[in-house]
Each structure stands twice: as structure tokens, then as C-alpha cells.
Amino acid sequence: MKKSKIMHIRSLLSFLFLISTLVSSAQLKSPDEFLGYKIGTRYTPHWKIVNYFQHVAANASGNVKLEQYGQTNEGRPLLLSFVSSSDNISRLEQIRLNNLRLANLTKDRAAPVEENAPALVWLSYNVHGNETSSSEAAMMTIWSLVDPSNTKTKDWLKNTVVIIDPCINPDGRDRYVNWFNSIVGKNMNPSLSAREHREPWPGGRTNHYNFDLNRDWAWQTQIESQQRMKMYNQWMPHVHVDFHEQGVNNPYYFAPAAQPFHEVITQWQRDFQVTIGKNHAKYFDANGWLYFTKEVFDLFYPSYGDTYPVYNGAIGMTYEQGGGPAGGLGALTDEGDTLTLLDRATHHYTTGLSTIEVSSLNASRLVREFRKFFNDAVSSGVGEYKTYLIKNNETDRERVNALMALLDKNGIQYEFAGGSSRGTFSGYNYFSARDEMFTIDGNDLFIHSQQPRSAMIKVLFEPKSKLVDSNTYDITAWSLPYVYSLKTYASKTKLQSSAGTRPSAITNNVSDAYGYVIRWQGLQSVKALTTLLQQGLKVRFSETPFESNGQQFDRGSLIIIKKGNEKFGNSLASIINQACNANNVKANTITTGFVDKGFDFGSRKIHYIKTPRIALLTGESVGSNAAGEIWHFFEQTLNYPLTLINANDFGRINWSDFDVLILPSGNYRFFTEKSSTDQLKEWINKGGKLVALEGAVGQLAKTDWAIKSKKVDDSDKKDPYDALDIYEEREREFIKSNIPGSIFKVQLDNTHPLAFGYPNFYYTLKQDDALYEFIKEGGWNVGVLKKDSQVSGFVGSSLKAKLNDALVFGVQDMGSGKIVYLADNLLFRNFWENGKLMFCNAVFFVGQ
Ligand SMILES: [Zn+2]
């Protein structure tokens, strides 16, 4: 009895405990309550941010809908939180569809309802992982939107849907936060000399593959961008904010942005940036905080979190708080103040709320102008050209496929010409830079400007962008016909298609034969090769063009014959079918090794491709973006093994384990150490192949055994008084000798394996003025810069005339090995499509 009574009390107590936990967990908590510390006093790892957003969604479900839209390379979840009035949340899908109809982006013809359509405000936090205050601010922001005692925000949410991405780049954020938390002392140390302000290589700015996600909005080479942009394009917000951080000593930056503005940006988009900026200023003034506007952060390069939304009808903005990786939990500024993480988060929280407020106050105008942007696009199109015609011949097929994939990602519509030739038309030829006559073939691609994404089309396709101010933050040229090297005509009249259809994917069904040939035409061909090599097939390539069985094959064509592949027996044909089908390339059957024209398959002009064992130098002293581009390319594009080696370990590596060593742009210490360079030279002499890119070529040029730099005379001032610069003009003076990324035409010797698969020219992205002398003997000048070869983008006036008569791509013989010089970046942000094949030529063909 006594016992059972105790039991009874116990179960009652545990029941009460259960109730109390249920009640307390059902209580919506502020971030401080939930995390157990005040925001800004510690760094919050990503999983705890996720937990807080889940907590809010679970406990304010009437006002919040949380959606996981993907995950990162390292497996962290990517989230969007939709916050609004319960009425709006209950009809969220209806709001989304209506918004797409306002933008003419739905297939149905249903009429949109403009009246009472809510404003859509999308806030993106922490795209640069080591600009950490913004994800802390994201938690403060969502709390103030759902905090029951905050009636002001509830008013805003009546006509506004806020979409919060608490962390665009969780892998980068956690790289920084885990590092910081692991090395900070009991108390934070505000001295910038303390190690907690000196983040180690590669830093948390970028994602897993060291890509800057704030350069990837249009190209979407990274999985974070691919998954996010799918959501973005299903929602199409009216206002988008990208939260960043800059140097510790900089005051806060917010809209309006700096020049250059791209000319497609509408007056409304310009004006509303000012409206927003003035609203922020009101709060900053009241608190006595410093800020600046209209400087540094421009709106030009289309792949940022501000420009991309702008070119897609939104008000897109970047906000910059002082801090970044040097910020830590507190940092001593030049003025002697301690800037804390709480200060930084509070500023971002303030501009975030102010953005929502001003959007709510102007909701109907935002919706009206958003609709007008897209209606104008559909009815008139943006820019002088009405149709861009892209030639799609057999040799262009792989690059056209890549272009179509990019257009699809960005919701840009295109169609195929179809029908037979309909006479001649006139338009601007990108390759000759002249208006010319042209004909239309059935597979040619049409992109009409009169469609919803017209502004984006104009920005991506215009031959030359108009720059009112060249002091820009990034590259100034990206015109897709050059990036993809596709013969394109821009027509001022709309071209009519004959309802052509998309060429179907190639299905191969080769059977047992003497051999098979695969043409070498682009990345799909390369992927077929790497698939075959990985399976252990013996593959050859032809140095010269040849004809067999009535078919013509160009240089670089891959040849697979039974000899050497006996072990595959009858399955050889099916392995080839699979590899070619998977990569959409054609396998051609060959019945004899005796060719009709050219050299027989037993000739020395047919080269066996030894499956290369490849090493990439990485780590301290290597450009992290440059190394990341190569790492990502091998793993995610080619699916080919690569060994990453720390440059600091150079002296400790057994180099005979590798056939190819890739040196990304960097500042290599081992070039100053004789033992290491002797080791490198010995390895090359014995047959190793060194592939040096960009700055690594410059490093080699400082040695006495490699290429030489070309001296550029930049003394263009004859009158001695001309040489005296005016202080106020100092930024202008800098521009005269600046080259922020501009397109040049390089002449190619396409009989050399480094240029197989190319015509006799290549459009390169030049990002520096480093020039190299021609290789006089024992090597090949495969790509050279001649006079007047600049095609598009900005080049400083004092520099322009001097960028010529120099080597850009070359191969130097050294003993039994080679050095391949690639002075420009062939894999730039992995979107410079036409460079990828040349990089593969360097790795798989040169020296074989
Ligand atoms: Zn940033």
C-alpha cells in the first residue's frame, strides 16, 4: 500500500514533469533563450542555427513555413523560412503562382491578380562563410518577426512575405566557426595581432570546393547555387538582400550602389534603392552609427547576389558590415573602438528589418513595378537586338549543349530554327565584329529578346557592355558567344523559326568491329575518354586528320582498337556504347586499320594515351579559388582521380608516383629553394609533365630554366609634367593601367595537341598584364596574342596598346618531359566553357 502510494506520487510527478516540458517546448523562444547565451557573445555553429529555425517553425507554425531545399557538399542542410501573416502562409502556393504569373513565367494563361498581392522580400545570409555576423542576425530577425509582443512587424507581414535563407554557405561558415571556437582563449582578444583574427588557408569565405558562391548566381556551377536558384526562380522575389562583411575598419555600406550600373537597370530600380537607403539611414542616424553609400559596390557583373536579382526584375542589394574573418568576437579598430560580433549582428538585423518595413510600406508599388518590368520585357524586349542566332554545326554540338544547360538553369527560353534554308539575313557577327549576311540552318538556336528574362539575355549576350565607370569590382566581359566560342549573329529584326525541334541525344549501338573512333569536340568527348580510361581501356589519339570508311576525322580523334583491349573480349563494344551514350557522343565503327587518307593506326602519328596519375598543388601559398576550380573540375565534372598535395610538403613527395603535376596560380616558396627546384627539374627531365597556370607561369618566369617574362613599357607620358598625378584623380590613374578581366582573341596553332578540337583562335579572359616571351627553341608557341586582339570588356588606356606579341599558351620540352604554360585561366569560375577542353588537352594529350 505504502509502496503503491509512492508509485502513484512518482507517476504523478513524472506526468507533471512531462506536461511542464511540453508546455515549455511549446513556448516560442528568443535566440538568447533557445541557445542559452546572448547572441554575439559566442559563435553559433550551423547545426544550432538550423535547430533554432526548426524551433521557430514548430512553435509559430501559423506564421512560418520551413523548407529544406537541399544540402551542401559536406551534407549540411540548406533552408528557407517563409514568414508572413497566417492568412498569407495558408495560401503560400497561391501567392507563389500568382507572382510567377505577374512575371509572365507560368505556362498557364491564367491572369494574375495584382491587387493585394504581397511584396516578396528575400533575405540571404552568410554567402561568404567567414562573414559570420549575418547568420547570427538572421536568428534575431526571424525572432522579431514572430515575437508575439512585436506588433509593428505583424503589421508589415500583412502585406509582405519574408523569405529567409539563414545561411547560403554552411560549409564555409562552419569551417570558420569551428576553427575560431577551437583556438579562441577563455576571453576573446580584440588585438588584431592575436591568432584568432588570422584565419588559416583556405578560409571560410568559399564553399567546400573553394568556390565563391557570390560569383556563381548565373553560372550555377556549385550544388549550393544549383539547388538555391531552382527555388529562387520558382519564387522570383521583389526585393533581395545579400548580407556581407568587409574590412574591420569600414563603416556599414548599404544601397544605393556605386557606379558602374548596367544600363538595363531601370529608373525604378535605381530610385527604390535610394528609398531603401534613406530608410536605413534613419535608424543609423538615430543610433549615431557611421555608414556609406554609392561607393565601391557596383552593379555590373551578372553573377552576384545583387545584380542577378536586379536583372531578374527585383531590387537587389548588397549590405556590408565591417568585420569579416578578422572580426572574431571583438576586434580593435584603428579608432580604438572594440567592434563586437553583437555590434555587427545588430547592424545587419537593423537593415534587415528596415528593408522589410520599407518594402511593406511600398508593397503595391513594388508589385506593380515588378509586373511592369516583365510586361515590358515580353512586349518590347530589352536592347536593340531582337534575336540572337547561334550556329549549331556538328563541331559546335557539345558547346551548344552546354549553353542550353546554362539557359535552362536561368529560365531563358530558346527554340530551334527548323525547316530548310530561307535565304539570307543580316546581323552582327560576334567573331568578325561586323554586320554581315548569314543563312539559317535547321539546328540553329534562336533566342528572342521578347521574353520575361530579356534583361538577363541582353546582359549575357551583348557583344560589348557599356561602362560609364570602369572602376569595377570584377571582370568586365562575359559575353556568352565568346565564353562558349559559338558563332553567333545578333539580329535587329525578329527571326521567325519553323518550329524546329531539339536534336535528340545520341544513342550508340556499335557491335564487334576492328575498332572505334570518337571525335574530339568538347567536354562530352573528354568525359567519354576519362570513363574509358578509368575502366582500363587502352585509348589512342590521332595527331593528324584522317579518313576511314568514307568518314572524316579531325585531329585528336580517339581511337580504340582491339589490340591492347583483348581482356574485354566481346564486352568492348558495349563498354564503348555505355561510355558514349552516357556522355552524348557518337562512337564510329572502323572496319580496318588501313585508312583512306592520313596515317594508319599503327603509325607513330597515332599516340597511345597513358592514363595519367595527376597531382595538384594546394594549401598555403596557393590561390585557393584557383586550386578549387581544378579540384572541382576533376571530381565533379570529369570524375577522374586527383591527388591534392600541400605545397609545403613539396620536398617530401615521391614524385615518381605522378605523371602530371598541376600548379595553380600561387606564390610558391619552393621556387626559392634549390633542392626543391632541382627535384622538380629532375622529375620533368625524366618524363614528368608540369602544367602551370596564371601566376604559376609568372613564378616559373623568375627561374633561369623556364619561360621569360616580357617587359612592358608603360611610360606613355612624354612631358615630365604629365607624369605628375593629381591627388584627387588617383583612382582614375589606377584605372589607366588596370585590366579587370577582359576578352582577347588568341591565335592558336591547332596542329599542336594542346589546341586539338579548336579552330585557329580562342577567346581568352585576360585578368592581368603579365606577358611572356615566345619560346625560341625546344618548344611550341601554341597560343599567341597579336596586335589589336582585344574583343570585349575594359582595358586601361595606357595598357591596351601594349598587350600584344606575347605567348599565352605554350609547351616547352625539357629532357623527356614537358612544361605546359597556360598564362590565362582556362577554368575561370568553371563557367569559361571553351577553356575546359584545352586544359584537358594539356593533361591528357600533350607529351603522349
Ligand atoms: Zn562577402
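Leaving aside its neighbours within four places in sequence, which residues is Asn410 in contact with? I looked this up in the model, which is a predicted one. With those neighbours left aside, I found Asn410 in contact with Trp217, Ala218, Gln220, Tyr308 and Arg453.

I then placed Asn410 in the chain: this residue lies in the loop between α14 (397-409) and β14 (415-416). I checked its accessibility next. Asn410 counts as buried because its relative accessibility is 1%, and the cut-off for buried is under 20%.

I moved on to cavities. The count of those with 30 Å³ or more is 4.

The largest cavity has a volume of about 40 Å³. I listed its lining as Tyr253, Ala255, Ala257, Gln273, Phe297, Leu299, Asp306, Gly316, Met317 and Thr318. Strand β10 (residues 315-322) gives the largest share of this lining, with 3 residues. By class I have 6 nonpolar, 3 polar and 1 charged residues for the largest cavity.

The second largest cavity holds about 40 Å³ of space. Its lining consists of Ile95, Asn98, Asn99, Leu102, Ala117, Pro118, Leu120 and His238. Here helix α5 (residues 92-102) supplies the largest share, 4 residues. I sorted this lining into 5 nonpolar and 3 polar residues, with no charged ones.

Definitions and conventions: Residues are numbered from 1 along each chain as its sequence is written. This is a predicted model: local features need pLDDT of at least 70, side-chain atom pairs count only at pLDDT 80 or more; totals for chains, interfaces and linings use all residues. Side-chain values use heavy atoms; hydrogens and water are left out. On a 1 Å grid over the protein atoms alone, a cavity is a set of points where a 1.4 Å probe fits but cannot get out, and a pocket is an open set with protein on both sides within 12 Å along at least five of seven lines; lining residues have an atom within 4 Å of a point. Grid points are joined across faces, edges and corners, and a volume is the space filled by probe spheres set on the points. Helices (H or I, at least four residues) and strands (E, at least two) are DSSP runs, numbered from the N terminus. Ala, Val, Leu, Ile, Met, Phe, Trp, Tyr, Cys and Pro count as nonpolar, Asp, Glu, Lys and Arg as charged, and the others, Gly among them, as polar. Buried means under 20% relative accessible area, exposed over 50%, partly exposed in between (1.4 Å probe, protein chains only). Contact means heavy atoms within 4.5 Å.
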